[in-house]
Amino acid sequence: MCELIPKVDLPEMQRGPWKVERFTVSDSQPLFRHRRLRPGTYTRLMRSGRGVIMSDTPAEMLDHMWFVRAATGRVLIGGLGLGMCVGAVLAKADVTEVDVVEIDPDIIAMVGPHYSDPRVNIINADLMNYCPRGVRYNAVWCDIWGDVSADDLPAMQKLNRRWGQKSDWHGCWGEDLVRRAA
């Protein structure tokens, strides 16, 4: 398990097309979203019609490890999801401010209240268009895809160009996997 990223501690809930639910993996079911899993109970974010968007499984925690390690000072996270990255960076004493850009008001209403720390600012906007003037971040993490494919590379490149000049460190969830597969 990833020691820097704690499991999500959200209650099961539903709002609009979104649902936060627990699920259990047994010894006889070692795969989840094409990844090996240890038996245990996890939390996932579901969207009706699309299925699983994210979870707090060890594999997904590892996907975010580089960002969490890099996060210091002022941080920008694109995509709230279950708040797993928000919770992880808030646990770091050297993180002073966390801006979260989330496009869906239902996610904000459902998950946002569980991360009510004075360092957190949740902004209802589209990360593809969000670009505050005069703001510099120490770390930027773009995690706005429920699943990634080569079709997402142009959007990732756009975000990398934008945040590369406005941050000390930046990255996009899944970019390394897509590039290796392409």
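Tutor: We can. One term comes first: a nonpolar core is a set of buried Ala, Val, Leu, Ile, Met, Phe, Trp, Tyr and Cys residues joined through side-chain atoms within 4.5 Å. Keep in mind that this is a predicted model.

Student: Which residues of the largest nonpolar core touch the most other members?

Tutor: The largest nonpolar core holds 52 residues. Helix H3, residues 84–90, gives the most to this core, with six residues. The members that touch the most others are Leu45, Phe67, Ile77 and Trp163.

Student: How many residues of strand E7 are buried?

Tutor: Strand E7 covers residues 73–78 and is mostly covered. Buried means under 20% relative accessible area. Of the six residues in E7, the buried ones number five.

Student: What is the bridge partner of Ile77 in E10?

Tutor: Strand E10 is residues 137–142. Four bridges join E10 to E7, and the two run parallel. In E10, Ile77 is partnered by Trp141.

Student: Which backbone oxygen does the side chain of Arg119 reach?

Tutor: Arg119 sits in the loop between helix H4 (105–111) and strand E9 (120–124). Beyond its neighbours within four places, Arg119 contacts Leu90, Lys92, Val95, Thr96, Glu97 and Val98. At 2.8 Å, its side chain reaches the backbone oxygen of Leu90.

Student: How far apart in space are Arg119 and Val95, C-alpha to C-alpha?

Tutor: In sequence, Arg119 and Val95 are 24 residues apart. The two are also in contact. Their C-alpha to C-alpha distance is 8.4 Å.

Student: Does Arg119 count as buried or partly exposed?

Tutor: The buried class lies under 20% relative accessible area. Arg119 has 21% relative accessibility, so Arg119 counts as partly exposed.

Student: And Asn160: buried or exposed?

Tutor: Asn160 lies in helix H5, residues 153–164. Asn160 touches His170, Gly171, Cys172 and Glu175, leaving out residues up to four places away in sequence. Its relative accessibility is 17%, so Asn160 counts as buried.

How values were computed: Residues are numbered from 1 along each chain as its sequence is written. This is a predicted model: local features need pLDDT of at least 70, side-chain atom pairs count only at pLDDT 80 or more; totals for chains, interfaces and linings use all residues. Side-chain values use heavy atoms; hydrogens and water are left out. Buried means under 20% relative accessible area, exposed over 50%, partly exposed in between (1.4 Å probe, protein chains only). Two strands pair if DSSP finds at least two bridges between them. Contact means heavy atoms within 4.5 Å. A polar contact is a pair of N or O atoms within 3.5 Å; within protein, one must be able to donate a hydrogen and the other to accept it, and residues adjacent in sequence count only if both atoms are side-chain atoms.
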